[in-house]
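Trainee: Can we go through the aromatic rings in this model and what surrounds them?

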Amino acid sequence: MEETGRDRDTEGRARNARPRDGLGRPLPYGVPGVERQPEGVVRTPEETVREAQRLLDAGMPFHAHEVFEDAWKSGPVAERELWRGLAQLAVGLTHAARGNATGGARLLRRGAAALAEFAGVRPYGVGVDGLIGWAGELAGRVEAADGDGAAGEGAAGEGAVRGEPVDAIAEAPCLRPPAR
């Protein structure tokens, strides 16, 4: 932390250095947390999918979102919507696992819409059609289980409603289902 009381990275940019839990929520300073995903890592598409699946299976969809975000920012323009859509699905699952029904459902649907141009195709073995169906089904369940509608923590500045959190491990999608 610097003299102004703000955490800074090695380049001097403001960056919260608090530890994070498996869903990316900040923890108090000094509490052990989950190691963050390094930012700006350029991976092959196969490495991206493999690492993101490992993180999803471990119940860390926020971290999987960061892996997809690296691919989105560093990959070819023709594939940006693929990686952006996958990142939005992962962060949608993150919000649903945090109990943010509104933000989770919204991001799951936004991610599915971004993937729509890849429907019927399996880029890098990713089962896009199945992911689109998974996202719509989970978004519907998250909204339906949305408890009493009490106001809760916002998602990216959007009003959110606290719902029953989903289990991130149990709900993790399979990115590369077996080909039929």
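**Aromatic pairs and the core**

Mentor: This is a predicted model. Ring centres must lie within 6.5 Å to pair. By this rule the count of aromatic pairs is two.

Trainee: Are the rings of W83 and Y124 stacked or edge-to-face?

Mentor: Their centres are 6.0 Å apart, and their planes meet at 20°. Planes under 30 degrees apart count as stacked. So the W83–Y124 pair is stacked.

Trainee: Which parts of the chain does this pair link?

Mentor: The two residues are 41 residues apart. W83 sits in helix α3, residues 80–97. Y124 lies in the loop between α4 (101–115) and α5 (128–144). The pair therefore links distant parts of the chain: helix α3 and the α4–α5 loop.

Trainee: Is W83 buried or exposed?

Mentor: The cut-off for buried is under 20% relative accessible area. W83 has 2% relative accessibility, so W83 is buried.

Trainee: And Y124, buried or partly exposed?

Mentor: Y124 has a relative accessible area of 28%.

Trainee: Which residues do ring pairs link into a cluster?

Mentor: W83 and Y124 form a stacked pair. Ring pairs link them with one further residue into a cluster: F68, W83 and Y124.

Trainee: Which element gives the largest share of the largest nonpolar core?

Mentor: The core has 37 residues, and F68, L86, L89 and L175 touch the most other members. Elements giving two or more residues are α1 (45–57), α2 (61–74), α3, α4 and α5. The largest share, nine residues, comes from α3.

Methods: Residues are numbered from 1 along each chain as its sequence is written. This is a predicted model: local features need pLDDT of at least 70, side-chain atom pairs count only at pLDDT 80 or more; totals for chains, interfaces and linings use all residues. Side-chain values use heavy atoms; hydrogens and water are left out. Rings of Phe, Tyr and Trp (its six-membered ring) pair if their centres lie within 6.5 Å; planes under 30 degrees apart count as stacked, over 60 as edge-to-face and the rest as tilted. Helices (H or I, at least four residues) and strands (E, at least two) are DSSP runs, numbered from the N terminus. Buried means under 20% relative accessible area, exposed over 50%, partly exposed in between (1.4 Å probe, protein chains only). A nonpolar core is a set of buried Ala, Val, Leu, Ile, Met, Phe, Trp, Tyr and Cys residues joined through side-chain atoms within 4.5 Å.
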